[in-house]
Amino acid sequence: MAKEITSRAENFSLWYNNLVLKAGLAENSAVRGCMVIKPYGYTLWENMQAALDKMFKDTGHSNAYFPLFIPKSFLAKEAEHVDGFAKECAVVTHYRLRNTADGRDVEVDPDARLEEELIVRPTSETIIWNTYKNWIQSYRDLPVLCNQWANVVRWEMRTRLFLRTAEFLWQEGHTAHATREEAVEEAVRMLGVYEEFARNWLAIPVITGVKTISERFAGAVDTYCIEALMQDGKALQAGTSHFLGQNFAKAFDVKFANKEGVSEHVWATSWGVSTRLIGALIMAHSDDSGLVLPPKVAPLQVAVIPIFKGEEELNRARIACIDIKNRLQKAGITVKIDDRDNLRSGFKFAEYELLGVPVRLALGTRDLENGTVEVARRDTLTKETLPREGIETYVKTLLDDIQNNIYAKALKFRDANTFLVDSYDEFKSRIESGGFIMAHWDGTPETEALIKAETKATIRCIPIEGDMTPGKCMVSGKPSAQRVVFARNY
RNA sequence: CGGGGUGUGGCGCAGUUGGCUAGCGCGCUACGUUCGGGACGUAGAGGCCGUGUGUUCGAGUCACAUCACCCCGACCA
């Protein structure tokens, strides 16, 4: 079982795992590879959901819901798609149980075998395109812009809390368009939404780019992605947006009559982010004292701790605390008073640091006399004593400041760990200490595979912004259109 | 799926070459003293040792099977 190591430098994986457990975000369940998301972790997800959902609606999308089960024949219709997911599917073969002969147990009833097996969705393209077929006849029916919040199942060999679990929560957008241009535009737009969400809400700077053929989503023509850098120097794919071309339209025979009355296949996109973002959030910002959560998504933004000896002092402090709480709530801040009398204040301080609560206010007899309050911020672990008057305005500004500071810190870390490399020898030594490496590549899967085999580094993406200077491949010396991003990844 | 490791009160662990009433720390409950950075004392509660089948006079300890978790690979969001 996990030992009590809390230092990131010593063992990043263990630190991460302990932190998820100790902060009460999630735990392993009794079911193989599955995770229980606890209330604190789920509230974090809800906050992320709310922000994303609004962004989706602002870009014209609506939510819908499609079945959990996919008939095997649906999945088989798009050849590359089924190849990509075949190895990790949970399959429903029966629909009934019966008592065993001795009556002490239950077993699968062999008479209740399904004629066609059902696959628990690993993603919903097939079931959705089978449905869209019925929704679309004319160009007037387009575009179809749907999103669904759902769970999916991918039977991964090796799991890791939030980063890779057999079941995970996500959103998947699925859109249908009349033209190629419109679909590409949509895929890029949603990539932009993800980039903005990562930056503005999660305070994580990401590189936007296109995946190479070998890293592409199964069934896509192009896969766009956002790539984030974790504190151990490994990259994490934080979201993807796919231009699916007409692959699924052809597989499911989804056609529309254009303005000229000519029948055409529609153009598709799909895009998704998952609870993996919670893992990204933890590994990007947190420190040895615990979580560091950006105020905009933190389940609790301010903890108010009365410091007291005995009931009388508590009662006096409580009045001031309630006053502060009311004022903060009126300013739209989530706040909680922790007046548990069985714990010392020092214990509570450490606990809220573990939970990553951005701001902590402490209020004792000294403050009651002086009209002050102690304000501590999680990101810098610093504190100051300020007048209670107008504290809500101060805290409001402070939360914004913390949000910005967390981003600035992550950006600084990423920049300090992004390297321009031109020789393969330098690449090989540099990759050992992690980070993003921007290098030239000849565009061939062979070179990509060679680099991966020799260094465990993969091309995270071909950036669509930034330096577009051509050069020569660091391995083959052949021409390269632009630098691409290499890293070891999760 | 390959290699390695671990399953013992809620959590972290000890438990000798099989041996008699299964321990320790944290946490929990009660009372008292404490209370501005993870308090202390006293008294309690809580466990068929992951599961199953064997070996044995006797199994937490040995064998086989099985399930789950952790680490390293391969695979993947």
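Tutor: Taken over C-alpha atoms, the centres of domain 1 and domain 3 are 29 Å apart. The model is a predicted one, in which local features need pLDDT of at least 70 and side-chain atom pairs count only at pLDDT 80 or more, while totals for chains, interfaces and linings use all residues. Residues are numbered from 1 along each chain as its sequence is written, and chains are lettered from A and ligands numbered from 1 in the order in which they are written.

Chain A is divided into domain 1 (12-285), domain 2 (302-398) and domain 3 (418-487), with bounds that come from an automatic or database domain assignment. The contact between domain 1 and domain 3 takes 16 residues from each of them; two residues are in contact if their C-beta atoms, placed from the backbone, lie within 7 Å. On the domain 1 side, E11 and E12 are the elements that give two or more residues, and E11 brings the largest share, 4 residues. Helices (H or I, at least four residues) and strands (E, at least two) are DSSP runs, numbered from the N terminus. That side of domain 1 divides into 6 nonpolar, 5 polar and 5 charged residues. Here Ala, Val, Leu, Ile, Met, Phe, Trp, Tyr, Cys and Pro count as nonpolar, Asp, Glu, Lys and Arg as charged, and the others, Gly among them, as polar.

Now follow E11 into its sheet. Strand E11 (residues 206-210) runs antiparallel to strand E24 (residues 458-463), joined by 2 bridges; two strands pair if DSSP finds at least two bridges between them. Within this pair, Val210 has Ile462 of E24 as its bridge partner. Both strands belong to an open sheet of 11 strands with mixed pairing, in the order E3-E9-E10-E16-E13-E12-E11-E24-E27-E23-E22. Strand E3 (62-63) and strand E22 (418-420) are at the edges with a single partner strand each, so one side of each has no neighbour in the sheet. Helix H8 (residues 276-285) packs on this sheet, where it touches E10, E12, E13 and E16, and its direction makes about 145° with that of E13. Such angles run from 0 to 180 degrees between N-to-C directions, with axes fitted as lines to C-alpha atoms, for helices over the stretch in contact.

Helix H12 is worth a stop too. With 26 residues (391-416), H12 reaches 36 Å from its first C-alpha to its last, close to the 38 Å expected at 1.5 Å a residue; the expected span is 1.5 Å times one less than the number of residues. Its buried residues include Ile391, Leu398, Ile402 and Tyr407. Ile406 also lies in H12, and Ile406 counts as buried because 25 other C-beta atoms are within 10 Å. The cut-offs are 20 or more other C-beta atoms within 10 Å for buried, 12 or fewer for exposed and partly exposed in between, with C-beta atoms placed from the backbone. Leaving aside neighbours within four places in sequence, Ile406 is in contact with Ala203, His285, Val292, Pro294 and Asp379.

Finally, a second open sheet has 5 strands in the order E18-E17-E19-E20-E21, again with mixed pairing. Its twist averages 20° from one strand to the next. Strands E19 (residues 359-363) and E20 (residues 372-377) pair in the antiparallel sense over 4 bridges, and Ala362 has Glu374 of E20 as its bridge partner. Helix H9 (residues 310-330) lies across E17, E18, E19 and E20, at about 165° to E17.
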